[in-house]
Amino acid sequence: MEDVIARMQDEKNGIPIRTVKSFLSKIPSVFSGSDIVQWMIKNLNIEDQVEALHLGTLMAAHGYFFPISDHVLTLKDDGTFYRFQTPYFWPSNCWEPENTDYAVYLCKRTMQNKARLELADYEAESLARLQRAFARKWEFIFMQAEAQAKVDKKRDKIERKILDSQERAFWDVHRPVPGCVNTTEVDIKKSSRMKNPQKTRKSVYGPQNDVRTHSPTHTPAPEKFTKYCFPMLFQINYWGGQLDRHRLKMSKVAESLLAYTEQYVEYDPFITSTDPSNPWISDDTAVWELEARCVFFKFIIKSLCQRWNLTPNWSH
């Protein structure tokens, strides 16, 4: 399939890519759906137009090219404009984007005041759901999205428009519109029969085990920001909290502990033996004799009153 896409992008024999003038704007690097169908019939020995549409829709569903104004990845044999996806986002790279990457992408979309970047209804619902799920780390996600939005603003207007559409198409493949087929799902039985069923998990904005260190739509600046600034922010918050804590010198703490011990040593059975002694651990029966004469209760009341006298006065 990728060989066919490479032939489509050939400068001499491929599909003609052009810039279309629209009202007060230009649409760069596009081609029509009818151009794709005609090219397939001419170069792939396809005689049936329905077969060409089926093959083109299959390629679009995998994200090799996409409509510039629709989230539904399908091919139409008309004047609908399409654009090729950058090879970096091709399915052969075994992308398995995380929900945090999707949250960063949606959050970044809300920061850009462009009609073409407004969230669809299902995307707004996904953003609200992700915000609840990642409530504890949402500040980190927001700051990462803000950093990427600042980098995007420095790009050329036409380049930014193309990269925004390619990034949107990437997420239309991995987080498709409800009701559309998700071509990235792997059959469990087929996966278990593979020698290496586990794909390499790569983050969209920070792939692992890969020579590339950033997406083509983002420079390494956000990664440096994430790598160095967030640990510093954590340290600042931590030490700021430590400064707000009430602290005492060790000499004051020891002095207070000694005064407390001297005051209550008389009532501590581990230090001072009780009078009368406990009959359960000694042979002294004075407690039983006092209880028989109803004197033990008065003795207990006296001891409790002495102990209560040491406690501070409580307001009633």
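Modeller: Helices here are DSSP runs of H or I with at least four residues and strands are runs of E with at least two, numbered from the N terminus. This is a predicted model, in which local features need pLDDT of at least 70 and side-chain atom pairs count only at pLDDT 80 or more, while totals for chains, interfaces and linings use all residues. Residues are numbered from 1 along each chain as its sequence is written, and side-chain values use heavy atoms, leaving out hydrogens and water.

Biologist: Thanks! Where does C94 lie?

Modeller: You'll find C94 in the loop between strand β4 (81–84) and helix α4. Its phi is near 55 degrees, a positive value in a residue other than glycine.

Biologist: And is C94 buried, partly exposed or exposed?

Modeller: C94 counts as partly exposed because its relative accessibility is 34%; buried means under 20%, exposed over 50%, and partly exposed in between, with a 1.4 Å probe and protein chains only.

Biologist: What about N45, where is that found?

Modeller: N45 is in the loop between α2 (33–43) and α3 (49–61). N45 has a positive phi too, about 55 degrees, although it is not a glycine. With 73% relative accessibility, N45 counts as exposed.

Biologist: New topic: at what angle do α4 and α6 cross?

Modeller: Roughly 55 degrees, and the axes of α4 (residues 99–110) and α6 (residues 138–153) come within 8 Å. So α4 is oblique to α6. The crossing is right-handed.

Biologist: Which residues of α4 and α6 make the contact?

Modeller: From α4 there are A103, V104, C107 and K108, and α6 brings W138, I141, F142, Q144, A145, Q148, A149 and D152. Contact means heavy atoms within 4.5 Å.

Biologist: How many of those are nonpolar, polar and charged?

Modeller: The α4 and α6 contact has 8 nonpolar, 2 polar and 2 charged residues.

Biologist: Let's talk cores. Which residues of the largest nonpolar core touch the most other members?

Modeller: Those are I5, M8, I36, M40 and F65, in a core of 20 residues. At least two residues each come from α1 (2–8), α2, α3 and β4, and α2 gives the largest share, 4 residues. A nonpolar core is a set of buried Ala, Val, Leu, Ile, Met, Phe, Trp, Tyr and Cys residues joined through side-chain atoms within 4.5 Å.

Biologist: What does M8 touch?

Modeller: Leaving aside residues up to four places away in sequence, M8 touches G14, I15, I36, W39, M40, M59 and F84.

Conventions:
Axes fitted to C-alpha atoms, helices over the stretch in contact; angles between N-to-C directions. Parallel < 35°, antiparallel > 145°, perpendicular 65-115°, else oblique. Left-handed = near helix turned anticlockwise from the far one by under 90°. Nonpolar A, V, L, I, M, F, W, Y, C, P; charged D, E, K, R; others polar.
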